[in-house]
Amino acid sequence: MSVSLTSRLSRDRRRTARLARIRARLAGKVVAITGGARGIGFEVATELLDAGAKVAIGDVDVDAVGKAAADLGVEGIELDVTDRSSFENFLDTVADRIGPVDVLVNNAGIMPVGPFLDYRETLIRSTLDVDLLGVILGSQAAATRMVARGHGQIVNISSVAGRLPTPGLTVYNAAKAGVIEFSEALDSELAGHGVRVGVVMPTFTQTGLIDGLATNSMVTSVNTAVVAEQVLASIAGVRVRAAAPRSMGWVNAYPILPRSLKRALLRTTRSGEIFMNPDAESRSAYSRRIGQS
């Protein structure tokens, strides 16, 4: 057996053992997931169920969340993350039907792309409302319940875009950067009450968010299972900040790089062109869904 094959088998065994330890820590937990009808949220729900957790999903798309819930065999509840009363009802319904929420995964999000000067005010507001305000409102609603019980966990899904400011992603960059800093501040505030808050930062994930977009050497794409693995690991191990995949962890150092180097990287990798000039036809269905077209 070659050295490289032996090394790979050893890595695989270690990874399998690590995943088994993670799954064992999730069994029996009540987990509520926003934006759970598709994409990352659906994959996280699937993996948590396989690990023995009790799962409920919420989504603003009533038909989609009903179908997803039926496919998974879980509770599916209409949820508008931008509406406080809707979020309160979501958490109360989960508690009534399954039990008090141990973990909230704030996953719901939208990603408009294109020149900033072309953004309508309604699109700017909806992006900030869903991607940032929804996380804040959901965290407050969940944390109020968790602090009263003396334990709980919130995992907020941000993006590497929260660390990589890029032309064509301005408003999304702003919202996701806000989620990262909000999460760390809230964790510091609530840790003494038994409630932990973490953030997972996925790279390009193969969902509708990247329809019509190319990838490059600076930011590659991954499937939803890679992101779900980091979400589950964050729940099991209480990590304040994690990139998905882990190899993208370098983005945490990006903000301190000299501006000249950042600009050079954007030019070399042509990252700005990815979001400034998407394939409109390939992206049309997603753009309609989020109100960008």
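Where is Pro245 found? Pro245 sits in the loop between strand E9 (241-244) and helix H8 (259-269). The structure is a predicted model.

## Backbone exceptions

Most residues other than glycine have a negative phi, and most peptide bonds are trans.

Arg270 lies in the loop between H8 and helix H9 (271-276).

Asp80 is partly exposed, with a relative accessible area of 30%.

## Aromatic pairs

The whole structure holds 4 aromatic pairs. One of them joins Phe87 and Phe90 in an edge-to-face arrangement. Their rings are 6.1 Å apart, centre to centre, with 70° between the planes. Both residues lie in helix H4, 3 residues apart, about one turn of the helix. Phe87 and Phe90 are both buried.

Another pair is made by Phe204 and Phe275. The ring centres are 5.6 Å apart and the planes stand at 80°, so this pair is edge-to-face. Phe204 lies in strand E7 (residues 204-205) and Phe275 in helix H9, so the pair ties together parts that are 71 residues apart in sequence. Phe204 and Phe275 are both buried.

Methods: Residues numbered from 1 in each chain as written. Predicted model: local features only at pLDDT ≥ 70, side-chain atom pairs only at ≥ 80, totals over all residues. Heavy atoms only, no water. Helix = DSSP H or I, 4+ residues; strand = E, 2+ residues; numbered from the N terminus. Buried < 20%, exposed > 50% of the residue type's maximum accessible area, 1.4 Å probe, protein only. Phe/Tyr/Trp six-rings, centres within 6.5 Å; stacked < 30°, edge-to-face > 60°.
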